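Student: I've got a structure open and want to work through some of its details. Can we go over it together?

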Amino acid sequence: MTDDAGVLVRRQGPVGRLTLDRPGALNALTAGMIHTLLRTLEGWADDPAVTAVVVDGAGPKGLCAGGDVRFLVDDARDPASRGRAGAAMLAEEYRLDALVARYPKPYVALMDGVVMGGGVGISAHGSVRVVTERTVLAMPEVTIGYVPDVGGTWLLSHTPGELGTHVALTSARLGAAEAIACGLADRQVPSDRLPELIDALVAGGEPAGVVDALAVDPGPAPLVADRDWIDTCFAADTVPEILAALRQSDEPGARKAADALDRAAPLALTMTLRALRSAGTETLEEALAAEYVTSRCSMRWPDFPEGVRALLVDRDGAPRWSPATLDGVTGEVVERFLAGALDTDPELGL
């Protein structure tokens with residue numbers, strides 16, 4: 001067993017185990033953790049002694065709350081780096097997500113507790129995705145002036161109807177049943193039976209069969225019950241049109257969704273919707289390449305450090321967005337935003 005840069009790496013019988021080990025930070029991914037995960041998975045892919053991989057998180061609170069956004073903010077502000085180290089971290093993370101999606105062996109992700117941002121990337125692209133009664137899954141990037149990445153735009157663009165658009169623009173938090181209904185997970189297993197699941201895999205059990213034997217009915221998914229108004233209101237291709245439809249709706253959930261959009265960064269909402277509409281007809285690799293552009297631009301735009309300050313540092317909940325309103329998101333603003341992807345940044349290399 002080794003603890004390499006915040007990841008516990010070990011072999012248990014035929015199973016390769018990867019445990020994110022920063023419980024005090026909700027196992028948020030650092031550059032070192034991403035590198036360890038990628039290199040370990042690459043090695044196990046060709047190792048005949050490893051027949052399956054299990055990924056989970058240390059501590060009782062969750063698999064992973066996302067990436068190290070404070071590092072990205074600090075690096076973008078560093079005049080010597082201008083965000084290049086952050087771009088290198090993101091490029092390696094997206095290569096990791098692509099590898100998870102095409103992994104040649106069963107990749108079992110235990111999505112217990114909080115699963116957000118980068119945590120979605122290392123789990124929802126897997127082949128056997130297990131949620132529990134404690135799962136809280138979200139892509140809340142627009143609340144900090146960022147755009148969903150790690151293949152999140154591709155995942156959310158392939159949900160039934162407009163559920164993914166709703167999830168991305170409102171930063172909705174999904175429980176187990178909703179995650180399964182959105183195609184982001186496969187089966188629910190009680191959290192207290194996860195050790196039993198791992199023991200069965202170590203004993204040589206076939207992963208999908210082991211999970212099926214322990215799975216329980218997740219029950220109804222509240223989000224699915226709202227499909228009518230969600231599909232209607234989120235069908236438009238501009239954020240102002242979506243917001244207008246939500247405000248005109250008599251549904252209480254629509255009014256809550258409108259309030260959520262009002263709190264999010266107007267530019268991030270605009271770029272997120274554009275990315276979702278494009279990702280629906282792209283491959284995962286194409287979507288990741290597009291996300292690599294918008295993520296670098298987000299790092300270098302004022303909204304991202306301001307969102308991190310307001311929600312994660314000072315926690316005053318009062319970000320000052322630039323532009324402050326959707327009306328201010330002009331074509332010229334979008335062009336200036338997209339100029340944040342520098343030719344000197346590392347290549348993505350998918």
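Student: Which residues form a nonpolar patch on the surface, and about how much accessible area do they have together?

Tutor: Keep in mind that this is a predicted model. The residues of the patch are Leu311, Leu312 and Val313. Leu311 lies in helix α16, which covers residues 303-313. Taken together, the three nonpolar residues have an accessible area of about 210 Å².

Student: Is Leu311 buried, partly exposed or exposed?

Tutor: Buried would need under 20% relative accessible area, and exposed would need over 50%. Leu311 comes out at 32%, so the label is partly exposed.

Student: What about Thr132: buried or exposed?

Tutor: Thr132 sits in the loop between β8 (128-131) and β9. Its side chain reaches the backbone nitrogen of Arg134 at 3.0 Å. Because the relative accessible area of Thr132 is 1%, and the cut-off is under 20%, Thr132 is buried.

Student: Which strands make up the open sheet that includes β9, and in what order?

Tutor: The pairing in this open sheet is parallel. β5 (62-64) and β9 (136-138) are the edge strands, each pairing on one side only. From one strand to the next, the twist averages 15 degrees. The order is β5-β7-β9.

Student: Why is strand β3 described as largely enclosed by the rest of the structure?

Tutor: Look at which way the residues point: Val15, Arg17 and Thr19 go one way from β3, while Gly16, Leu18 and Leu20 go the other. Residues pointing either way from β3 are all buried. β3 (residues 15-20) is largely enclosed because its buried count is 6 of the 6.

Student: Which residue takes a positive phi in the hairpin of β2 and β3?

Tutor: Strand β2 (residues 7-12) runs antiparallel to β3, with 6 bridges joining them. Val7, for one, stands opposite Leu20 in β3. The hairpin has 2 residues between the strands, and the one with a positive phi near 60 degrees is Gly13.

Student: And which residue in β4 stands opposite Val15?

Tutor: β3 pairs with strand β4 (residues 52-57) in the parallel sense, over 6 bridges. Opposite Val15, the residue in β4 is Ala52.

Technical notes
Residues are numbered from 1 along each chain as its sequence is written. This is a predicted model: local features need pLDDT of at least 70, side-chain atom pairs count only at pLDDT 80 or more; totals for chains, interfaces and linings use all residues. Side-chain values use heavy atoms; hydrogens and water are left out. Two strands pair if DSSP finds at least two bridges between them. Helices (H or I, at least four residues) and strands (E, at least two) are DSSP runs, numbered from the N terminus. Axes are lines fitted to C-alpha atoms, for helices over the stretch in contact, and angles run from 0 to 180 degrees between N-to-C directions. Patches are made of residues with over 30% relative accessible area and no salt bridge: like charges are joined within 9 Å, nonpolar side chains (Val, Leu, Ile, Met, Phe, Trp, Tyr) within 5 Å. Accessible areas come from the Shrake-Rupley method with a 1.4 Å probe; for residues, only the protein chains shown count as cover. A salt bridge is a side-chain nitrogen of Lys or Arg within 4 Å of a carboxyl oxygen of Asp or Glu. Buried means under 20% relative accessible area, exposed over 50%, partly exposed in between (1.4 Å probe, protein chains only). A polar contact is a pair of N or O atoms within 3.5 Å; within protein, one must be able to donate a hydrogen and the other to accept it, and residues adjacent in sequence count only if both atoms are side-chain atoms.
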